[in-house]
Amino acid sequence: MGTLLVIEGVDGAGKATQTAKLFERLQADGKNPLKITFPDYENKSSDIVKMYLNGTFGAHADDVNAKAASTFFAIDRYVSYKTRWEQDYLSDRVIVADRYVTSNMIHQASKLDTVEEKEAFIDWLMDFEYGIYKLPQPSKVVFLDMPPQYAAELTKTRANKSTGEMVQDIHESDRAYIQKSYENALWVAKRYGWHIISCVCDGCIRTIDDISDEVYAYFMK
């Protein structure tokens, strides 16, 4: 089996940047990595994800319950796996992922109020994506800890990834939801043993290269 390295974080944490940096470093090491991103906006499989994020089913994230919303993202991942990277993974290739099943753990579990509800949901999610869909489980997960107030500054001029327009999706535009997702993400990262990297030091955002060095060092252990 291959190695699946996942980089997670809330919106604006620098996931795409750090995934690209890790991919480049692994390439330089001669490891022949493959980079994947979720949602896979270049594939039709993400169409229902786009509809959800752009408000077709409700203007707020909570308008779609955690399990229903999770299935949208899971289908996209299943299609990506079966059509793009299954054979690479089974051939022992290193796969570098910008978000994964772990994103449902962060964003959808944040819709639930109690620890018991969150744990029951994550148990269901793991059975659904890893059990029924038989997606591979991550070898290691890094969580980029970027507090929402800092992430907001980094994303205020960023285009919507699903549309390319300067309009935020229902996750990005809901500050209360972003805060809940961040708090939930810290709990999930600690509960499920992800490696947490603090992106802010002494009130300042660390440099891209500084964070990249820590990401690389952890994954290469």
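Arg99 is buried, with a relative accessible area of 13%. Here buried stands for under 20% relative accessible area, exposed for over 50%, and partly exposed for anything in between, using a 1.4 Å probe and protein chains only. Asp98 is buried too, at 3%. Arg99 and Asp98 form a salt bridge, with 3.6 Å between the closest N and O atoms. A salt bridge is a side-chain nitrogen of Lys or Arg within 4 Å of a carboxyl oxygen of Asp or Glu.

This is a predicted model, in which local features need pLDDT of at least 70, side-chain atom pairs count only at pLDDT 80 or more, and totals for chains, interfaces and linings use all residues. Residues are numbered from 1 along each chain as its sequence is written, and side-chain values use heavy atoms, with hydrogens and water left out.

## Salt bridges

Side chains of opposite charge can pair when their charged atoms come close. How many salt bridges does the structure hold? The structure holds 10. Three of them are listed here.

| Pair | Closest N to O distance |
|---|---|
| Lys21 and Asp209 | 2.8 Å |
| Arg99 and Asp98 | 3.6 Å |

Take the pair Lys21 and Asp209, at 2.8 Å. Lys21 lies in helix 1 (residues 15-28) and Asp209 in helix 8 (residues 208-219), so the pair ties together parts that are 188 residues apart in sequence. Helices are DSSP runs of H or I with at least four residues, strands are runs of E with at least two, and both are numbered from the N terminus. Lys21 is partly exposed, with a relative accessible area of 25%. Asp209 is partly exposed as well, at 45%.

Arg206, Asp210 and Glu214 are linked in a network of them.

## A buried lysine without a partner

Lys15 lies in helix 1. Lys15 is buried yet has no salt bridge. Which side chain of opposite charge is nearest to Lys15? It is Asp11, 4.6 Å away. For charge, Lys and Arg count as positive and Asp and Glu as negative, while His and the chain ends are not counted. A polar atom of the Lys15 side chain does lie 3.2 Å from the backbone oxygen of Gly9. Beyond its neighbours within four places in sequence, Lys15 is in contact (heavy atoms within 4.5 Å) with several residues, among them Asp98, Arg99 and Leu144.

Helix 3 (residues 66-90) has 25 residues, but its end C-alpha atoms are only 31 Å apart. A straight helix would reach 36 Å at 1.5 Å a residue. The expected span is 1.5 Å times one less than the number of residues. Where does helix 3 bend? It bends by about 60° at Arg84. The bend is the angle between axes fitted to the seven residues ending at a residue and the seven starting there. At the start of helix 3, a side-chain oxygen of Asn65 reaches to within 3.1 Å of the backbone nitrogen of Lys67. Asp92 follows helix 3 and has a positive phi, near 70°.

Helix 7 (residues 175-191) has 17 residues and reaches 24 Å from first C-alpha to last, close to the 24 Å expected. At its start, a side-chain oxygen of Asp174 comes to within 3.2 Å of the backbone nitrogen of Ala176. Just after helix 7, Gly193 takes a positive phi of about 75°. The buried residues of helix 7 include Tyr177, Ser181, Asn184 and Val188. Ser181 counts as buried at 1% relative accessibility. Leaving aside neighbours within four places in sequence, Ser181 is in contact with Val10, Ile106, His107 and Ser110.

## Loops

A cis peptide bond joins Phe38 and Pro39, with omega about -5°. Pro39 lies in the loop between strand 2 (34-37) and helix 2 (47-53).

Lys134 is not a glycine, yet its phi is positive, about 60°. Lys134 is in the loop between helix 5 and strand 4 (140-145). Lys134 is exposed, at 60% relative accessible area. Asp202 also has a positive phi, near 55°. Asp202 is in the loop between strand 6 (200-201) and strand 7 (204-205). Asp202 is exposed, with a relative accessible area of 75%.

Note on methods. A polar contact is a pair of N or O atoms within 3.5 Å; within protein, one must be able to donate a hydrogen and the other to accept it, and residues adjacent in sequence count only if both atoms are side-chain atoms.
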